[in-house]
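I opened the model to look at two topics. First the domain contact, then the ligand site.

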Amino acid sequence: MAFKERVFSGVQPTGNLHLGNYLGAITKFVALQETYDCIYCVVDMHAITVWQDPAELSHATREVTAAFIACGIDPKAQIIFNQSQVAEHAELAWIFNCVARLGWLNRMTQFKEKAGKDRENSSVGLYAYPNLMAADILVYRATHVPVGEDQKQHLELARDIAQKFNVDFAKSIHAHGFGEAFFPLPEPIIQGPATRVMSLRDGTRKMSKSEPSDYSRINLTDDADAIAQKVRKAKTDPEPLPSEEKGLEPRPEADNLVGIYAALSGITKADVLREFGGAQFSAFKVALVDLSVAKLGPIGAEMKKLMQDPLYIDSVLADGSQRAQVLAAETMKAVKDIVGFVRR
Ligand code: AQP
């Protein structure tokens, strides 16, 4: 069956948005709105799978919304909203809790990383997180999901859940007039030179909001001085930059900075090395600071401006939630019929 093409993705309001979120996800969100109907969600229910201070959570929810708008997502043409305003996400997640298998969730590497050694003490929500993520996507029967490389495994799980639902309920899906399959198998969109931006302090670790050192990441709200300091202090090795991509393979920090430069300027890593091959890091870092400040400075400034008008931000979220709910409610009505729930 052909499904209407639709993009869905989300960002957690768990702290400062950084260059990884921007290059891995948000720049893709902006580009895709030219071609698709897009739904972009601030996933506050995912955020509380680990403890969040309530005041900071609402602040971060508004800040991610401001970042979406400041980066160029049009809140009128597309849908921007926060997850907790559309209860259908949680409703479908429960059904998916009953479709997904324990063995599938046991393989999720993000849970293992986030729970660490203290697994017994993690929330049940952190464990079931991928089922809620599948519900986020499939409650809109979305077909395309732009994400960073770290979310690939969760996307595969969402496809497995969609597939199992379609198979388990095949007869009922058919009987209710939905043809062969009710849910599409959503396609991940993971492309470009910065699908996994690494920490500036350690080229083997992902740049992340929860990393304690602020020097490990560039935040979207960092000013020019902060960006310059962080890039200058970024870990490198003593060799000059290679002239070909192959030369980056054993050098994670060099590879990361070249990837960031390429993504920010919209060129390939090979193009960057054609320009900077043989150069010392000191020279390359000066160019990277200039480029980062030129790209991120206006976004940070616009975010700060938007954050001064929380009523406007809340109105964007309210309007987006209403429009999202219309679509989600339609899916849930059908899902209830398919599953056999008696409804009003
Ligand atoms: N380092 C990264 N490189 C490329 N893409 C990244 N993303 C996150 N980090 C990188 C992508 O950004 C989107 C939103 O991520 P998220 O906020 O939902 O959560 P996350 O992946 O858990 O991000 P963080 O920053 O690492 O947060 P914490 O520290 O709270 O876990 C996703 O598409 C993600 O792939």
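My entries follow.

**Ground rules.** I worked on a predicted model, where local features need pLDDT of at least 70, side-chain atom pairs count only at pLDDT 80 or more, and totals for chains, interfaces and linings use all residues. Residues are numbered from 1 along each chain as its sequence is written, and side-chain values use heavy atoms, with hydrogens and water left out.

**Domains.** I looked up the division of the protein chain: domain 1 covers 6–195 + 310–339 and domain 2 covers 214–305. These bounds come from an automatic or database domain assignment. I found the C-alpha centres of the two domains 30 Å apart. Domain 1 puts 13 residues into the contact and domain 2 puts in 17 (contact: heavy atoms within 4.5 Å).

**Interface.** I read a buried area of about 1,300 Å² between domain 1 and domain 2, with 79% from carbon and sulfur atoms. Buried area is the accessible area (1.4 Å probe) that two parts lose on being put together, summed over both. I then checked for salt bridges across the interface, and the rule finds zero (side-chain nitrogen of Lys or Arg within 4 Å of a carboxyl oxygen of Asp or Glu). Two residue pairs are in polar contact there, both at pLDDT 80 or more. A polar contact is a pair of N or O atoms within 3.5 Å; within protein, one must be able to donate a hydrogen and the other to accept it, and residues adjacent in sequence count only if both atoms are side-chain atoms.

**Ligand.** I listed 22 residues around the ligand, with K114, D150, S208, K209 and S210 nearest (a heavy atom within 4 Å). H18 has a side-chain N or O atom 2.6 Å from a ligand oxygen. K206 places a polar side-chain atom 2.7 Å from a ligand oxygen. A polar backbone atom of V197 is 2.8 Å from a ligand nitrogen.
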